[in-house]
Amino acid sequence: MTWLTWRQHRVQIVGLIAVAILVTAGIWIVAEYALRSRAELGVDSCVPETRTIVTPSGPQQIINSSTCSDLISQWQERIGLWRYLFFTIYLIPALAASYVGGPLFALEFERATHRLAWTQSIGRLRWAGVKLAVIIAAALIAAAILAVAIGPSRVLMGVGRSGTDVKPFETFDLEGPAIASYMVFGIAAAAFVGAWSRRILAAMFVGLLVFGVARVAVHNLRPWYETPIIMPLEMISVIPRDALFVDVPAVDRDGQPVTRERVSSLLSEYFRSPSRFAPSASSNDSTYLADRGVFRRIGYQPVERFWTFQAIEAGIFTGLAALFALLTLWRVRTRDA
Amino acid sequence: MDAVVETSALTKRYGSVIALSDCDLALPEGKVTGLVGPNGAGKTTLIHLAVGLLRPTAGSVRVFGHDSVRETSKILPRVGFVAQDRPLYRDLTVADTLELGRRLNERWDPAYALARVRRFGLPLSRKIRTLSTGQRAHVATSVALGKRPDLVLLDEPVANLDPIARLALLEELMSVVAEDGLTVVFSANALADVERVCEHLVILVNGRPRLVGDTEELIESHVVAIGPRTQGVSALDGDLIEARHAERQTIRLLRGPGPARVDDGTIVRPATLEEIVLGYMRPAMEVAA
């Protein structure tokens, strides 16, 4: 049965792995080019030009920073739109779901070949199980290749920001465990839709939709995988730069949450009041809110939790994938042909 | 006579549509059984129930004495099945398709399957989608027979084939039955094919067996009487199956020894299989309509 699955789907399997190799190689090449031309242009060794001009109050030094920022934009122009290449990694699991997972069972039903396969001696359950397993194994190989692109992807993401550091959480979705679980989930979900609907188009489209909805939903859930560390908004500068910021509601004196509307209405009140024209340590928007019993807060997830979060994210999608795979097997086993 | 396929009170419903209702049948071993009936009579449903592609709504099918739902794994290795329109993987070559048979069946005779494919001059390296309908039919039956099955179930095996391919396939099936003594059940719309090869006949109408019996017996026990137009059943012996009235004549299909008197000008002759089949099918269809 492994042979048959390979023979039937080798174009998709080879295609998926080839796309992963091409994308990874492409990102790596562009990132190498970005690093090299940055060095060539001397972006990091740029010293702002200084001039001494004579003013009535004596000579003054003027720093002309435009020479260095010109270098940065020159660098960015060299790379051009190629810096967006890493975005394709977000799309590959979706495409795999639609083009590999969708037709996996739906095509058999549409062409009635399931009646050929199900009446050989091996049985439906093994037929469906092996099909899913082979395709998922191929998807994992593709994901492993894409995972190599994480470093270069971070370089490309940094290009848009003049080359400043990219925080680990910003490329969370491109990290190995996450990308592998997205891939497996997408394929299992679309395969299930195909086994259920028996229509290729439905499987390709609805499978994609299920994948997208799950990705967005889980993405919104991510900041809450663990209870965030919460502190007053005024202490935001204390939070390590590489943490994941979490939006948490303001509280009143009793620690009860205050609605967003209340906070914003108080703030607009403050900005219309005369006191805003003399902000000081003892009188600013925060003290204005505090006087009225509202304390804004900020939460964050420290970078030390990064790999725990990866494990949770991958666990969620792998669990969903397993659920869809089981539903597919159950559907194949019990349904009328 | 042992029954290879045995149904008891077999019923299959698709939503509110009844495809088979309360069907009791026993298909004999070592014979070619033809399953005949109008479109929608339940032929495909019956065959699919036997190979476990469908589950009965009520009742049961037993193949080789095994339940078709719970013991499918005991049935399938011994059954060669070709579904309607002979589904095959279009992008596989003929050789790949035989390899599929080998890999998916523990009972598989590679030499036999290959010899069959060669006999029909099918190029091994050609992809299925480039083959003609007739060639595909030969590949599909080769996969079914390569299992060296004890029972062959074919759903409309000769549909869409030209007369030559039709005959070639049927003769091939007949010789397989004769050599290996296996049981063949096939459904057909064309009565001529049935007449040519079937030893046993099941006429299905509206999900119920209307007539079951050995072909020879059926032919021997039915007569056609063509006489002057009369409404009632005249003094003809036997059970009236169907009476059709033309302008001046009445044509009757009778089951029984035939008429004792023919003095009103009635001509009596043995019925052909086609006349028997149509004679049983038409009245049942009219009742349903």
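Strand 1 and strand 2 (residues 58-64) of chain A run antiparallel to each other and pair over 7 bridges. This is a predicted model, so take what follows as a description of a prediction. Strand 1 and strand 2 of chain A make a hairpin, with 2 residues between them. How many of the 7 residues in strand 1 of chain A are buried? The count is 0, so strand 1 (residues 49-55) is hardly covered.

**The two chains side by side**

Here are the overall numbers for each chain.

| Feature | Chain A | Chain B |
|---|---|---|
| Helices and strands | 11 helices and 7 strands | 9 helices and 14 strands |
| Radius of gyration | 27 Å | 21 Å |
| C-alpha box along the principal axes | roughly 95 × 60 × 30 Å | roughly 65 × 40 × 35 Å |
| Buried residues | 31% of 337 residues | 43% of 289 residues |
| Share of contacts (residues at least 6 apart) that join residues at least 24 apart | 80% | 66% |

Chain A is another story: a compact globule of 337 residues would have a radius of gyration near 20 Å, but chain A has 27 Å.

**Helix 3 of chain A**

Helix 3 of chain A covers residues 88-111, which is 24 residues. At 1.5 Å a residue, a helix like that should span 34 Å, and the end C-alpha atoms are 32 Å apart, so the two figures agree. Where does helix 3 of chain A bend? The bend is at Pro103(A), and it amounts to about 50°. Just past the end of helix 3, Ala112(A) takes a positive phi of about 65°.

Start with Phe211(A), which sits in helix 8 (residues 200-221) of chain A. Ala190(A) is 21 residues from Phe211(A) in sequence, and their C-alpha atoms are 8.0 Å apart in space.

Then move on to Pro302(A), found in the loop between strand 7 (297-301) and helix 11 (306-334) of chain A. With 14 C-beta neighbours inside 10 Å, Pro302(A) counts as partly exposed. Again setting aside neighbours within four places in sequence, Pro302(A) is in contact with Ile229(A), Pro240(A) and Ala243(A). One of those, Pro240(A), is 62 residues away from Pro302(A) along the sequence, yet the two are 7.4 Å apart from C-alpha to C-alpha.

Chain B has a couple of residues to check for backbone angle. Ala9(B) lies in strand 1 (residues 3-14) of chain B. Its phi is near 50°, a positive value in a residue other than glycine. Ala9(B) has 12 other C-beta atoms within 10 Å, so Ala9(B) is exposed.

Phe64(B) also has a phi near 50°, again a positive value in a residue that isn't glycine. Where is Phe64(B)? Phe64(B) is in the loop between strand 4 (58-63) and strand 5 (66-67) of chain B. With 18 other C-beta atoms within 10 Å, Phe64(B) is partly exposed.

**Where the chains meet**

The contact between the chains takes 18 residues from chain A and 21 residues from chain B. On the side of chain A that touches chain B, the elements giving two or more residues are helix 1 (2-41) and helix 4 (114-117). Which of them gives the largest share? Helix 1 of chain A does, with 4 residues. By type, the residues on that side of chain A divide into 8 nonpolar, 6 polar and 4 charged.

Conventions:
Residues are numbered from 1 along each chain as its sequence is written. Chains are lettered from A and ligands numbered from 1 in the order in which they are written. This is a predicted model: local features need pLDDT of at least 70, side-chain atom pairs count only at pLDDT 80 or more; totals for chains, interfaces and linings use all residues. The expected span of a helix is 1.5 Å times one less than its number of residues. The bend at a residue is the angle between axes fitted to the seven residues ending there and the seven starting there. The radius of gyration is taken over C-alpha atoms; the globule rule is 2.2 Å times the number of residues to the power 0.38. A residue is buried if 20 or more other C-beta atoms lie within 10 Å of its own, exposed if 12 or fewer, and partly exposed in between; C-beta atoms are placed from the backbone. Two residues are in contact if their C-beta atoms, placed from the backbone, lie within 7 Å. Ala, Val, Leu, Ile, Met, Phe, Trp, Tyr, Cys and Pro count as nonpolar, Asp, Glu, Lys and Arg as charged, and the others, Gly among them, as polar. Two strands pair if DSSP finds at least two bridges between them.
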